[in-house]
Amino acid sequence: MERKDRILTGDRPTGKMHIGHYFGSLKNRVKLQDEYETYIEVADVQALTDNFNNPEKVQRNVLEVLKDQLSVGINPEKVTFFLQSMIPEIAELTVFYSNLVTISRLQRNPTVKTEIAQKKELFGESVTYGFLGYPVNQAADITAFDATIVPVGEDQLPLIEQCREIVRKFNSIYGETLREPKAYLSQNKRIKGLDGNEKMGKSLGNAIYLSDSEEEIAKKVMSALTDPNRIRKDDFGNPDICMVSYYHKLFTQSEYENICEECRKGKRGCVDCKKQLIKSINAELGPIREKRKYYDENPKLVKEILMEGTSKARIIAKETMKNVKEAMKLNY
Ligand code: ATP
Ligand code: MG
């Protein structure tokens, strides 16, 4: 029987979702939910790999990431949301796959390498076995659902590659069982942070959140990084090194060219430019914020969506486990 393409994607409950998620993945999810059978994971076990000392934070954010997704229009009638820690088959697969990947290969993974460097304070000189191995856990997520398409941001590409390697190794040793997934990148592969960092991230403190109030957005935009050489309003600006113009490209698309030209000619002051951006962001996020209010007031409903989805998802993971155990001669 031919197996249909299936989508698996997910988020770590390490904070509320930001505009990097919105342009980098959520808009895509809304579109793809009509085209493919889609599973969306709230990756609480993975979140613990670098938050093991802060379980409250992870628990608190489980429903938050779900609410963010419901607010942008991901429809629980179309997609299956599930909680990673309630699918024990993922943990089991992680153990099996950990034989198929070397320590040095994990250490060479560019995403893991960058993240370890960012987390020096937590890990000190030596990283935990769990964090180093999180790509293996992620390979288990993807393959547990027999997913072939994984919509992600650019930072995740090395992790998908790692998963593909694990699948190939598994199939070559135990026989053709798992399918190799492909990453699906959106047009906006990586959204930069307010501080100019290459990536806006929940754990990096440089994000505009979908749930930020109008006041919070105004405050953040007002302090966003702009061209440091521009002091007076009529100084010639360089929009290429300005975060305000960068976000205009996303939120004020139709006027973007004009905004840059005015900036270059010294015809637009930074304060006015920021005020215009605040308006554009609020125009886009206003309706999302409104919808979120409904879910904030109905946490029981949000939890029900997650629990129902998790029961449905577990059926698929159990099927995979049966096939994997058969292939590995563990079918007692
Ligand atoms: P953390 O800092 O805790 O890792 P995060 O902001 O990176 O949080 P994740 O939950 O790790 O968010 O990522 C969820 C998905 O969103 C992934 O597919 C990731 O590639 C994508 N994503 C995260 N940040 C960005 C960004 N700035 N631009 C585009 N996509 C992003
Ligand atoms: Mg991340």
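Which residues are closest to ligand 1? Of the 20 residues that surround ligand 1, the closest are Thr14, Asp155, Lys199, Lys202 and Ser203, where a surrounding residue has a heavy atom within 4 Å of the molecule. This is a predicted model, in which local features need pLDDT of at least 70 and side-chain atom pairs pLDDT 80 or more, while totals for chains, interfaces and linings use all residues. Residues are numbered from 1 along each chain as its sequence is written, ligands are numbered from 1 in the order in which they are written, and side-chain values use heavy atoms, without hydrogens and water.

Polar contacts (pairs of N or O atoms within 3.5 Å) reach oxygen atoms of ligand 1 from the side chain of aspartate 155 at 2.6 Å, from a backbone N or O atom of glycine 153 at 2.8 Å and from a polar side-chain atom of histidine 18 at 3.0 Å. The protein covers 95% of the 600 Å² of accessible area that ligand 1 has on its own, as computed by the Shrake-Rupley method with a 1.4 Å probe. Among the elements, α1 gives the most to the shell, with three residues; helices are DSSP runs of H or I with at least four residues.

The second largest pocket holds about 510 Å³ of space, a volume being the space filled by probe spheres set on the grid points. A pocket is an open set of points on a 1 Å grid over the protein atoms alone where a 1.4 Å probe fits, with protein on both sides within 12 Å along at least five of seven lines, and lining residues have an atom within 4 Å of a point. Its 21 lining residues include Asn188, Ile191, Tyr246, Lys249 and Leu250, the closest to its centre. Because domain 1 (6-191 + 299-327) and domain 2 (214-292) both give residues to this lining, the second largest pocket lies between them, the bounds coming from an automatic or database domain assignment.

Notes. A polar contact is a pair of N or O atoms within 3.5 Å; within protein, one must be able to donate a hydrogen and the other to accept it, and residues adjacent in sequence count only if both atoms are side-chain atoms. Helices (H or I, at least four residues) and strands (E, at least two) are DSSP runs, numbered from the N terminus.
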